[in-house]
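Trainee: Please take me through one part of this model at close range. I would like a connected account, with the cut-offs spelled out.

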Amino acid sequence: YNENSKSINGIVDQGIEIKPLAVINDDDMVIVYLIIQDLKQDRINETLSIGEYFVEGGTIHNAQVIDYDKGSKTAIVQVTTQGGRCVIEGYAEDL
């Protein structure tokens, strides 16, 4: 954590909460770990598929569930992008 760091809070939409867990960034790749939890129904499970996300200028995109807890209806998802420009809640950083 330094003067260029930015704290990012989670969001809730339609009863699904998404919170950042960790971000790893080097000169060419960013890996984001997200906690995704269904607060109202049973729409999250180990087969969760992240169909659309966008990293401006990124060339390789991959999102996969790396852990799932059935009791809490919570998935941890790893999102990987190579290159590009990371845009999160109005904050942008060239990668």
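Mentor: Strand E5 is largely enclosed by the rest of the structure, because 7 of its 9 residues are buried. Buried means under 20% relative accessible area, exposed means over 50%, and partly exposed is in between, with a 1.4 Å probe and protein chains only. Strands (E, at least two residues) are DSSP runs, as are helices (H or I, at least four), and they are numbered from the N terminus.

This is a predicted model: local features need pLDDT of at least 70, side-chain atom pairs count only at pLDDT 80 or more, and totals for chains, interfaces and linings use all residues. Residues are numbered from 1 along each chain as its sequence is written, and side-chain values use heavy atoms, leaving out hydrogens and water.

E5 covers residues 74-82, and Thr81 sits in it. Thr81 is buried, at a relative accessible area of 2%.

Now the pairing. Strand E3 (residues 29-38) runs antiparallel to E5, and 9 bridges join them. Two strands pair if DSSP finds at least two bridges between them. Val32 has Val79 as its bridge partner in E5. Val32 and Thr81 are 49 residues apart along the chain, yet their C-alpha atoms are separated by 8.7 Å.

Next, Ala22. This residue belongs to strand E2 (residues 16-25). Ala22 is partly exposed, with a relative accessible area of 34%. Beyond its neighbours within four places in sequence, Ala22 is in contact (heavy atoms within 4.5 Å) with Ile31, Val32 and Tyr33.
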